[in-house]
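I'll jot down what I look up as I go.

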Amino acid sequence: MVLQIFGLLITNKLIVFSHILKPLSLLIGESIVTKVLHKGRLQGDLFLYSRNNYFSRMNPAEQYILEKPEPFRSMLLEVQVYIEQTLPDFDLLYKWRLPIYYSEDCPICYLNVTKGYLDVCFWARTAFNVHLDVLIAEKRKFVKSLRYYKPEDIDGKILIECLEEAYRTKTKGFTAG
């Protein structure tokens with residue numbers, strides 16, 4: 001769950017600070033991500049700074065999430081926390097210009113902000129059979145999604161049950177099976 005207090009966006013995994021000079025700093029465990037905003041927009045790459053002064057390019061999937069405008073950034077961060085707390089093991093990769101969660105080399109879901117909503121998309125495998133009344137297919141043969149227009153739309157219980165089902169029915173590849 002995402003909580004906002006005095007300009008701090010807080011989840012159980014990360015904290016985003018926003019100051020008057022508009023630097024954006026992100027605390028992830030013992031590492032700090034720093035990015036200067038220019039005219040209200042993120043410029044260039046985000047870099048990860050750790051205690052040993054090692055710099056590396058930030059995961060493009062995380063950059064995708066942080067560069068989205070509000071309220072989608074907050075929604076993505078909240079969904080990210082649900083996903084990372086639900087899946088026993090995961091990799092967050094960036095393919096087709098979208099953040100995709102994998103578990104044991106099998107795709108679980110991907111996140112897509114488009115046309116004024118956030119889609120949390122699951123590969124609709126034959127055995128996937130929870131919340132079919134809520135999942136949206138919309139002319140897609142192998143993908144069904146939970147669609148959120150505003151932060152209040154996110155139902156953690158349904159999202160967690162869909163994630164558990166996607167994990168249970170996971171297979172390598174992207175088609176139904």
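**Entry 1: pairing**

Before I start on the strands, a term: I call two strands paired if DSSP finds at least two bridges between them. I also keep in mind that this is a predicted model.

With that settled, I looked at β11 and β12. They pair in the antiparallel sense over six bridges. Within this pair, Asn112 stands opposite Asp119 in β12. The two strands form a hairpin with two residues between them.

I then checked the turn itself. Lys115, in the loop between β11 and β12, has a positive phi of about 50° although it is not a glycine. Is Lys115 buried or exposed? It is exposed, with a relative accessible area of 72%.

Next I zoomed out. Which strands make up the sheet, and in what order? I read it as an open sheet of five strands, β9-β10-β11-β12-β13, with antiparallel pairing. β9 (91-95) and β13 are the edge strands; each has a single partner, so one side of each is left without a neighbour in the sheet. From one strand to the next, the twist averages 25°.

At the β13 end, I counted off the pairing with β12: six bridges, running antiparallel. Trp123 stands opposite Val143 in β13.

The loop between β12 and β13 holds Lys139. Lys139 is not a glycine, yet its phi is positive at about 60°. With a relative accessible area of 91%, Lys139 is exposed.

**Entry 2: the helix on the sheet**

What packs on this sheet? I found α3 there, touching β10, β11, β12 and β13, with its direction at about 30° to that of β12.

I checked the length of α3 as well. It has 13 residues and spans 18 Å from first C-alpha to last, close to the 18 Å expected at 1.5 Å a residue. Its buried residues are Gly156, Ile158, Leu159, Cys162, Leu163, Glu165 and Ala166. These pack against α2, β11, β12 and β13.

A reminder to myself: in soluble globular proteins, nonpolar side chains tend to be buried together. Here, the largest nonpolar core has 37 residues, and Val120 and Phe122 have the most contacts inside it. At least two residues each come from α1 (60-67), α2 (72-86), β10 (98-103), β11 (106-114), β12 (117-123), β13 (143-148) and α3 (156-168). The largest share, seven residues, is supplied by α2.

I picked Phe122 and listed its contacts, leaving out neighbours within four places in sequence. Among them are Ile108, Cys109, Phe128, Leu135, Phe142 and Val143, and also Leu159, Cys162, Leu163 and Ala166.

**Entry 3: cysteines**

Cys109 counts as buried because its relative accessibility is 0%. Cys162 also counts as buried, at 0%.

**Entry 4: a cis bond**

One more backbone detail. The peptide bond from Glu70 to Pro71 is cis, with omega near 5°. I placed Pro71 in the loop between α1 and α2.

**Entry 5: tallies**

Last, I wrote down figures for the chain. Its secondary structure comes to three helices and 13 strands. Of the 177 residues, 42% are buried. Taking contacts between residues at least 6 apart in sequence, 46% join residues at least 24 apart.

Definitions and conventions: Residues numbered from 1 in each chain as written. Predicted model: local features only at pLDDT ≥ 70, side-chain atom pairs only at ≥ 80, totals over all residues. Heavy atoms only, no water. Core = buried A, V, L, I, M, F, W, Y, C linked by side-chain atoms within 4.5 Å. Buried < 20%, exposed > 50% of the residue type's maximum accessible area, 1.4 Å probe, protein only. Helix = DSSP H or I, 4+ residues; strand = E, 2+ residues; numbered from the N terminus. Contact = heavy atoms within 4.5 Å. Axes fitted to C-alpha atoms, helices over the stretch in contact; angles between N-to-C directions. Expected span 1.5 Å × (residues − 1).
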